[in-house]
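Colleague: Before I use the terms for this model in a report, I would like to know what stands behind them. Can we go through them one at a time?

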Number of protein chains: 2
Amino acid sequence: MQERQTQSHTGIMAPRIKALYLLRCDARSVEGRARALAVEQSVEMPVTAIDDAFVLAEVVGQVEAIAEKEPSLFEVRIALAQDTVDNDPGQLLNMLFGNSSLQDDVVLHDVELPPGLAKSLGGPAHGLHALRRRVGACARALTGSVLKPQGLPPAKLADLARRLALGGIDYIKDDHGLADQVYSPFRARVEAIMEGLRSLDASNGRRAHYVPSLSGDLDAMRGQISLASAAGVDTVMVAPMIMGWSNFQRIVRENPHMAFVAHPSMAGAARIAPTLLLGKLFRLLGADAVVFPNHGGRFGYSPDTCRALAREALAKRDGIRPCVPVPAGGMTSARVPEMLAFYGADVMLLIGGALLEARAHLTEATAAFVAEVHRYAYN
Amino acid sequence: MQERQTQSHTGIMAPRIKALYLLRCDARSVEGRARALAVEQSVEMPVTAIDDAFVLAEVVGQVEAIAEKEPSLFEVRIALAQDTVDNDPGQLLNMLFGNSSLQDDVVLHDVELPPGLAKSLGGPAHGLHALRRRVGACARALTGSVLKPQGLPPAKLADLARRLALGGIDYIKDDHGLADQVYSPFRARVEAIMEGLRSLDASNGRRAHYVPSLSGDLDAMRGQISLASAAGVDTVMVAPMIMGWSNFQRIVRENPHMAFVAHPSMAGAARIAPTLLLGKLFRLLGADAVVFPNHGGRFGYSPDTCRALAREALAKRDGIRPCVPVPAGGMTSARVPEMLAFYGADVMLLIGGALLEARAHLTEATAAFVAEVHRYAYN
């Protein structure tokens, strides 16, 4: 108590998280609505009923700025106390958008974290440069493909992986639907695929790294990582919005040698800006690579959103490694030059279904995709 | 393989999850869009590239019905293979809405689970009747209040709890922003509050149960439950959308003597129907009580949504206990008769800020709220 009061009496403010929201409301009510939002995401009670000086000075959310972006759409900057988050990622999400996610006039648009909090979250343990080194790709874009459909048994998935690897692909990930199902249990799948890839060690497919998808609760995932490590896996995929942010960060920290690809499943991007959620926050939580829906595929992200998201994932940040942007979702080999022109070399191109459509010619289709990426004239 | 093929060859279909989506699109394109949705939430690749008979028969999502609800708004029923979920709650969310959550023309509206899957998820370990018994309330509505604002130290929160308890309240929960912050660490808070409540044992406040909010990763929550149990706590609160469904179910199963209140933080109800998410699914995952925004408060749920949500939480379901609906979010004592007429006795009324506004008269305001609930003429 003593210390708390001194702090607010001296006027030394503790660090604040700056959260930017887009509010849809009329100009006359925006100030009141912005204040209500600041209260909702902090003390969540009438400010008039608070008599604690520390809470009033240091904990109540503060509206710092309101800017009209277009008629009836306002960008509101709210300063939230870092102490309410206390370095826990789940609590960060709770404080940024927990209750407000239930209100349909507001979108969480961007967040500026105090340097201490960003450093504490830590970001990727490996990131772009390590993912390049692992496959011997110094400057070109990385290539990836996907094992699917779910329902196939381990032997068939292993066969697909082997043929993709023979085509020279860098990373082969599980489709995000693959979990620990009876028709393809995690252990049997990982062992079959890794054995299939090892058999290629002396030939062309040596480079391919298999990226299994983790599922279940934290302990189930720990068991899966342990099985995968034993089988030689060095990269896994998780869906942070399904496993929970705190658990994501926990498993990242427990496995410093493992690289993590973040999948956007349940990222419900209509309410949290994709650039913020996938590009900035997933990276800060520890994603070495982040899959997101590329423009012109099966999802509605615009080119501007995709560019901003990729830039955010790669942006220079003190002490935080760059995260590999992985645009995906209905991509084809025909789009490779256009995508490389758009994203540059700091990207992993991921083509799944369009390669599998080649069926018996999967290896050849993969090789053509890989060749296109390798021969591209990177600036 | 042998068994799988036999299964599809005999035509005996494995159980399917029936997912109902609302699609916004024009009538000419709805059939194609519905098929694309069924593919997105199952095999996520061109069906023409699949040659496995089992996958085609048993795993590819099937469009079962399309009904126009209003111009350009269609209800689409899609049958998803239960085997893709395999009883894991996180994977259930992934298969119901993982990728489609990224598409802004679709809302997950309802789900019918096969009886085996519902039974495996299990529902509340305690539910309505146990939460009544704990406080000696046979037939009336339950009462609850909230400890806030965050930022207060344990001693001040304990003082609030004691005064609420003296007013005769049944349950006193942490505000959902309270975590394990420096100004009020979980352990110190729980111990101070439980000690304060114990000191009332011989007097009026005997009934009150304190419900602390858990935060952090699964292991952190385990530690918090263990501390809380040791201090005499029998009910805790969690936010399933922040901790992840698999971890929620895990912690419910590990703690059969603990009752769980589910908080809607990050439930982003604009994209998943609140009745489904909060009323049906949180209950199936193990919530003994579920907090949701009541109509006419700070959130935009309609009376119809609130009524449907409460009914769903209480609906008779084979082997699944009823979950207590907890309408909240800006409620006042003045609304008690209206809310009881609306919800009946199977409800917990939760008033937070409006009681705290009474400041020095908190106990009297609480007693008035409690008396209103106790003397109501329940049918």
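Modeller: Start with pairing: two strands pair if DSSP finds at least two bridges between them. Keep in mind that this is a predicted model.

Colleague: What makes β5(B) and β6(B) a pair?

Modeller: Strand β5 (residues 142–147) of chain B and strand β6 (residues 171–174) of chain B share four bridges, and at least two are required, so they count as paired. Their sense is parallel. Within this pair, B:G144 lies opposite B:Y171.

Colleague: How do you know that β6(B) also pairs with β7(B)?

Modeller: Three bridges link β6(B) to strand β7 (residues 209–211) of chain B; the rule asks for at least two, therefore this is a pair. These strands run parallel, and B:K173 faces B:V211 in β7(B).

Colleague: Why is the unit of β5(B), α7(B) and β6(B) called right-handed?

Modeller: The name means that, with the strands pointing away from the viewer, the path from the first strand over the helix to the second runs clockwise. The β-α-β unit made by β5(B), helix α7 (residues 154–166) of chain B and β6(B) is assigned that hand.

Colleague: What is the order of strands in the open sheet?

Modeller: The order is β2-β3-β1-β4 in chain B, with antiparallel pairing. β2 (62–70) and β4 (106–112) of chain B are the edge strands, as each pairs on one side only. From one strand to the next the twist averages 25°. Seven bridges connect β2(B) with strand β3 (residues 73–81) of chain B, and B:I66 has B:V76 as its bridge partner there.

Colleague: Why is the link between B:E44 and A:R298 called a salt bridge?

Modeller: The closest N and O atoms of B:E44 and A:R298 are 3.4 Å apart, and the limit is 4 Å between a Lys or Arg side-chain nitrogen and an Asp or Glu carboxyl oxygen, so the pair qualifies. The count between chain B and chain A is 14 salt bridges.

Note on methods: Residues numbered from 1 in each chain as written. Chains lettered and ligands numbered in written order. Predicted model: local features only at pLDDT ≥ 70, side-chain atom pairs only at ≥ 80, totals over all residues. Heavy atoms only, no water. Helix = DSSP H or I, 4+ residues; strand = E, 2+ residues; numbered from the N terminus. Axes fitted to C-alpha atoms, helices over the stretch in contact; angles between N-to-C directions.
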